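Here is a friendly briefing to read alongside the model. Have the structure open and follow the topics in turn.

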Amino acid sequence: MAGASFCEACGAELHAEPAPAAGAPCVSCGAGAEHQGDGYCLRCGHKQPTARDHMEQAVGRVAGVTDRGRRHHRNEDAMAFADDGDHLLVVVCDGVSTTEIADQASQAASDAALLVLQRWVREGRDVEEAMAAATAAAQAAVLGLAGGGGPGASPSCTFVATAVAPVAEQASRVTVGWLGDSRAYWLGASPRQLTRDHTLAAELVAAGELDEEQALRHPRGRSITRWIGADAQHPEPEVMTAVIGDRGRILVCTDGLWSHVPDLAQLLARPELSEPDLAAQAAGLVAFANEAGGHDNITVVIGSLDAVPGAGSAGPGPT
């Protein structure tokens, strides 16, 4: 099952972070295999590459890419998605780098949320209620990790989940739940940013205290004001549903992408979105973000109700 934490056939954990290849020299100082331990070089301390540094997946009519970027030692983003027939379900989380085991938090949150979304939509339950339940499951999963990071650990991550389903006359019903600054966009005849950032800058603009240009210059403007984690004061998601009169594409991403194209018009102008298939579009946008500096982890997931379904699921792995 796409997004499951364990294989239904053998019980193996699907998203455990793979170790570096045996015998591989350190990518930083070149030390040999005898100096490698627990994924870190024992000589210089540099974290070694793993398969999670770059993953590409395609499931039905959804495709996604997550990448470490060029400045970070590990990928703290995570994605989980499924094509459940009528619904395209996507979850993307961005680990908060200033908290412990943020990479584990983002993966646990995305996996837990997707499982709940899949179960609730299959049962025909209200999708907005499903979003709330999925976020609660993500919060519980991250709270379960808190003890693993040592005393006082509070792993945290952003959260955005979408459910897209067809409605009459070629329209689409899109439901989004989110906390933080990971985003969802609708790309179609009526393109729009579906989420509103939960950041200090966005709140200052909404309150009329600063204009957008001033807010962007604020030294703490990018600080998120809502998230998932042990220290989250408001872990309930903001949820919205829109019926959109076309069958466009849903694009869900972390700030590793949108920080390079903060304006919707700039995003729509990217030539990568003209690629023939969804996987190429996602991969192209990730490559663009890396070429623009890759200062953060980058995750892009794109789904379309009218896309040609992919051939099953490609699990995590290096490319």
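Let's begin with a charge over a ring: Arg183 lies over the face of Trp258, at 3.5 Å from the ring centre. The term applies if NZ of Lys or CZ of Arg is within 6 Å of the ring centre and within 35 degrees of the ring normal. This is a predicted model, where local features need pLDDT of at least 70 and side-chain atom pairs count only at pLDDT 80 or more, while totals for chains, interfaces and linings use all residues. Residues are numbered from 1 along each chain as its sequence is written, and side-chain values use heavy atoms, with hydrogens and water left out.

**Rings and charges**
- The charged end of Arg270 also sits over a ring, that of Phe288, 3.8 Å from its centre.

**The chain as a whole**
- The protein chain has seven helices and 15 strands, taken as DSSP runs numbered from the N terminus (helices: H or I, at least four residues; strands: E, at least two).
- Of the 319 residues in the protein chain, 50% are buried, meaning under 20% relative accessible area with a 1.4 Å probe, protein chains only.
- Among contacts (heavy atoms within 4.5 Å) with a separation of 6 or more, 66% come from residues 24 or more positions apart.

**The six-stranded sheet**
- This open sheet runs in the order β3-β4-β15-β14-β10-β11, with antiparallel pairing; two strands pair if DSSP finds at least two bridges between them.
- Its edge strands are β3 (54-59) and β11 (192-193), each pairing on one side only.
- Five bridges link β14 (residues 249-253) to β15 (residues 298-304) in the antiparallel sense, and Cys253 has Val300 in β15 as its bridge partner.
- Helix α7 (residues 278-291) packs on the sheet, where α7 touches β4 (62-67), β14 and β15; its direction makes about 155 degrees with that of β15. Such angles run from 0 to 180 degrees between N-to-C directions, with axes fitted to C-alpha atoms, for helices over the stretch in contact.

**The five-stranded sheet**
- A second open sheet has the order β5-β6-β8-β9-β13, again with antiparallel pairing.
- β5 (77-84) and β13 (238-244) stand at the edges with a single partner strand each, so one side of each has no neighbour in the sheet.
- Neighbouring strands here are turned by 10 degrees against each other on average, direction ignored.
- Strands β8 (residues 159-167) and β9 (residues 171-179) run antiparallel, joined by nine bridges; Ala161 stands opposite Gly177 in β9.
- Helix α1 (residues 102-122) packs on this sheet against β5, β6 (87-94) and β8, its direction making about 15 degrees with that of β5.
- Helix α2 (residues 127-145) also packs there, touching β6, β8, β9 and β13, and its direction makes about 30 degrees with that of β9.
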